[in-house]
Amino acid sequence: MYVLGIETSCDETAVAIYHAAKGLISHTLYSQIPTHNEYGGVVPELASRDHVRKLIPLIRQILQDSRLAPSDIDGIAYTAGPGLMGSLLVGAATARSLAWSWDAPAIAVHHMEGHLLAPMLETDPPEFPFVALLISGGHTLLIEVSGIGCYKLLGESLDDAAGEAFDKTAKLLGLDYPGGPALSKLATQGKPRFQFPRPMTDRPGLDFSFSGLKTFTLNTFQNSNQSQEDKADIAFAFQQAIAETLTIKCKRALQQTGLKTLIVAGGVSANQEIRRQLALLGSKEGARLYFPRPEFCTDNGAMIAYAGCQRLQAGQTQNLEIFARPRWPMNELLSL
Ligand code: KG4
Ligand code: ZN
């Protein structure tokens, strides 16, 4: 079974082809970073327009690269949410139209389920059950996962997501969008000087709150000379605070569930310091840790093709509706 995956939830237009037995055949992506860079963040209308321009050419290209014809495609998986409504609609309408004309089923994929399953694309994938830490631009979720679609929410961010905190803090320090990678690069030049709080770690529970860190950063920045050295030291302290907070909560989640497998995915999981601290936690707790390769941490088509393939193989499809949901709680997903 060949499945075409389409991802257009935010600022990447991404496609992939996954085969149920052969694995990932091909994936490619067009990043809209240059489009949004001058505005310092994603402009939804420009994102939608870029998806309209790029999606069909990318699909043509991936079919050609994979030496496949439309008649070889057995199913089409597309990100139906959560995300920007205009961007989602481009993917949903395209996927639905192709499914109609190619006479193949289409399946709506939850973007965060895509992230959650991304480690499955690696050789030596994790086995269920496991704890998943999903850290992206829009979500920070700790989930107990007993199978595809069997998700028990353990904790989530009560305000800013981890990626959002990175992006806002980066902007405050005058760094370019997307802020996460820029801030972590600057942090490599920083040294331990400032002590930032580890929010919500002084009380029980697995929820997160990162918006206070942003204010703490602002105050520290305004009280400094705002030199390059100050910025680097602040970036360092901020990154340490996020990494340590995530690590403390993951430790609790492992202890609370008694599970010995932790998977970490979503754009922020590309962060080297976060990966380092979590890997250390894994070895201390005797837990196995799984990350996607960095290019599958951030948005990509491969994770959508994979997730869709699992659901299509289980016989799930949807009616002909162009289905898109900007907000979509994960606990509404069907289990396999
Ligand atoms: O998963 P993703 O690509 O898109 C969403 O689903 O939101 O995540 C994007 C987020 C952005 O906030 C970006 O700044 C952050 O992931 N990010 C990083 C790094 N790479 C991407 N944050 C910290 N360090 C990184 N290396
Ligand atoms: Zn994402």
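The following dialogue goes through a predicted model and asks what stands behind each term used for it.

Visitor: What kind of model is this, and how are its parts numbered and counted?

Guide: This is a predicted model, in which local features need pLDDT of at least 70 and side-chain atom pairs count only at pLDDT 80 or more, while totals for chains, interfaces and linings use all residues. Residues are numbered from 1 along each chain as its sequence is written, chains are lettered from A and ligands numbered from 1 in the order in which they are written, and side-chain values use heavy atoms, with hydrogens and water left out.

Visitor: What secondary structure does the chain have?

Guide: The chain has eleven helices and ten strands. Helices (H or I, at least four residues) and strands (E, at least two) are DSSP runs, numbered from the N terminus.

Visitor: Why is the chain called as compact as a globular protein of its length?

Guide: The radius of gyration is taken over C-alpha atoms, and the globule rule is 2.2 Å times the number of residues to the power 0.38. For 336 residues the rule gives 20 Å, and the chain's own value is 20 Å, so the chain is as compact as a globular protein of that length. Along its principal axes the C-alpha trace spans about 60 × 45 × 30 Å.

Visitor: What makes a residue buried or exposed?

Guide: Buried means under 20% relative accessible area, exposed means over 50%, and partly exposed lies in between (1.4 Å probe, protein chains only). Of the 336 residues of the chain, 56% count as buried.

Visitor: Which residues coordinate the zinc ion (ligand 2)?

Guide: His111 (NE2), His115 (NE2) and Asp299 (OD) coordinate the zinc ion, at 2.0 to 2.1 Å. Donors are N, O and S atoms within 2.8 Å of the metal (3.2 Å for Na, K and Ca); water is not among the atoms, so sites may look incomplete. In sequence the donor residues are spaced H-x3-H-x183-D. His115 in helix α4 (residues 111–117) and Asp299 in the loop between α10 (294–297) and α11 (302–313) are 184 residues apart, and the pair links distant parts of the chain. Both His115 and Asp299 are buried.

Visitor: What makes Arg293 and Glu122 a salt bridge?

Guide: A salt bridge is a side-chain nitrogen of Lys or Arg within 4 Å of a carboxyl oxygen of Asp or Glu. The closest N and O atoms of Arg293 and Glu122 are 3.0 Å apart, and the pair forms a salt bridge. Arg293 is in the loop between β10 (288–290) and α10, Glu122 is in the loop between α4 and β6 (130–135), and 171 residues separate them. With a relative accessible area of 29%, Arg293 is partly exposed. A search of the whole structure finds 17 salt bridges.

Visitor: Why is the pair of Glu229 and Lys191 said to tie parts together?

Guide: Their side chains meet in a salt bridge (3.0 Å, N to O). Glu229 lies in helix α8 (residues 228–257) and Lys191 in the loop between α6 (179–187) and α7 (211–222), so the pair ties together parts 38 residues apart in sequence. Lys191, Arg193, Glu229, Asp230 and Asp233 are linked in a network of salt bridges.

Visitor: What is noted about phi of Arg67 and of Met200?

Guide: Phi of Arg67 is near 55°, a positive value in a residue other than glycine. Phi of Met200 is near 60°, again a positive value in a residue other than glycine. Arg67 is exposed, with a relative accessible area of 77%, whereas Met200, at 15%, counts as buried.
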